[in-house]
Amino acid sequence: MNTQAAPIASAASASSSSSFLATPAARDNAGKLVLRVSVGVLMLLHGIFKLSAGVGFIGGMLAKAGLPGGLAYLVFVGEIVAPLLMIAGLWTRAAAAVVVINMLFAFGLVHMADLFALTKQGGWALELQGLYLFGALSVALMGAGRYSVAGSNGRWN
C-alpha cells in the first residue's frame, strides 16, 4: 500500500506546485496585480469622466487657491496616464506616486472641509479618496510585481 500512496501524493504535490498561486511569492505578486489594477481602473474612470466634462471646476479651484488654472490639465496625467501605466505595470512606482500627488491636491483643493468628517453610518466622509490615496501609496512602495509588462525587475517597478 505504501508504494501506491507515494506516487499519488507526489503527483498531487507536483500539480499544486505548478498552480498559479502555489508559492508565497506568486500570491504576493497576484496581490500586487489586484491592487494596482483595481486602483488604476477606478482612478481611470474618474479621468474618463473629466475628459467628457472638462476641467473647468478644477481650474476654478486652482485659481481660488492662487495657482494657475492651466495646471488643471495635469489632472489628465494623474487620472488617465498614470492609471494606465499602473494597470499595465510599466513605470508603476512613478505612476503610483503621480496618483498620490494627484490625490493630495484633491484633498487640499476640494476635500479639506471633510477631512475629519464622518458619514451618518460612521465611516470617514473621504473613504473613497482615502482608498485611492493609500492604495496608490501602497503600489508606489511595493511596485508592480511579476505580473506586469515590465516584470518585477523592470525599471521603476
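Modeller: With the word contact: it means heavy atoms within 4.5 Å. In that sense T92, R93, A96, A97, V99, V100, M103, L104 and F107 in helix 5 meet Q129, G130, Y132, L133, A136, L137, V139, A140, L141 and M142 in helix 6. By class, this contact divides into 15 nonpolar, 3 polar and 1 charged. Here Ala, Val, Leu, Ile, Met, Phe, Trp, Tyr, Cys and Pro count as nonpolar, Asp, Glu, Lys and Arg as charged, and the others, Gly among them, as polar.

Biologist: What kind of model is this, and how are residues numbered?

Modeller: This is a predicted model, in which local features need pLDDT of at least 70, side-chain atom pairs count only at pLDDT 80 or more, and totals for chains, interfaces and linings use all residues. Residues are numbered from 1 along each chain as its sequence is written, and side-chain values use heavy atoms, with hydrogens and water left out.

Biologist: How many helices and strands does the protein have?

Modeller: Helices (H or I, at least four residues) and strands (E, at least two) are DSSP runs, numbered from the N terminus. The protein has 6 helices and 0 strands.

Biologist: At what angle do helix 5 and helix 6 pack?

Modeller: Axes are lines fitted to C-alpha atoms, for helices over the stretch in contact, and angles run from 0 to 180 degrees between N-to-C directions. Angles under 35 degrees count as roughly parallel, over 145 as roughly antiparallel, 65 to 115 as roughly perpendicular and the rest as oblique. Helix 5 and helix 6 pack at about 155 degrees, with their axes 8 Å apart, which means that helix 5 is roughly antiparallel to helix 6.

Biologist: Which angle do helix 4 and helix 5 make?

Modeller: The axes of helix 4 (residues 75–88) and helix 5 (residues 92–109) come within 8 Å and cross at roughly 150 degrees. That makes helix 4 roughly antiparallel to helix 5. The contact of helix 4 with helix 5 has 10 nonpolar, 3 polar and 1 charged residues.

Biologist: And how do helix 2 and helix 6 cross?

Modeller: The axes of helix 2 (residues 24–53) and helix 6 (residues 127–142) come within 10 Å, crossing at roughly 135 degrees. Helix 2 is therefore oblique to helix 6. On the helix 2 side, K32, L35, R36, V39, L42, M43 and H46 take part, and they meet L128, Y132, G135, A136, S138, V139 and M142 in helix 6. This contact holds 9 nonpolar, 3 polar and 2 charged residues.

Biologist: What is the phi of W91?

Modeller: Most residues other than glycine have a negative phi. Phi of W91 is near 50 degrees, a positive value in a residue other than glycine. W91 is found in the loop between helix 4 and helix 5.

Biologist: How much of the protein is buried?

Modeller: Buried means under 20% relative accessible area, exposed over 50%, partly exposed in between (1.4 Å probe, protein chains only). Of the 157 residues, 33% count as buried. W91 has 47% relative accessibility, so W91 counts as partly exposed.

Biologist: Which residues does Y147 touch?

Modeller: Y147 lies in the segment after helix 6 and is partly exposed, with a relative accessible area of 22%. Not counting residues up to four places away in sequence, Y147 touches F20, A26, N29, A30, L33 and R36. Y147 and V34 are 113 residues apart in sequence and 9.9 Å apart in space, C-alpha to C-alpha.
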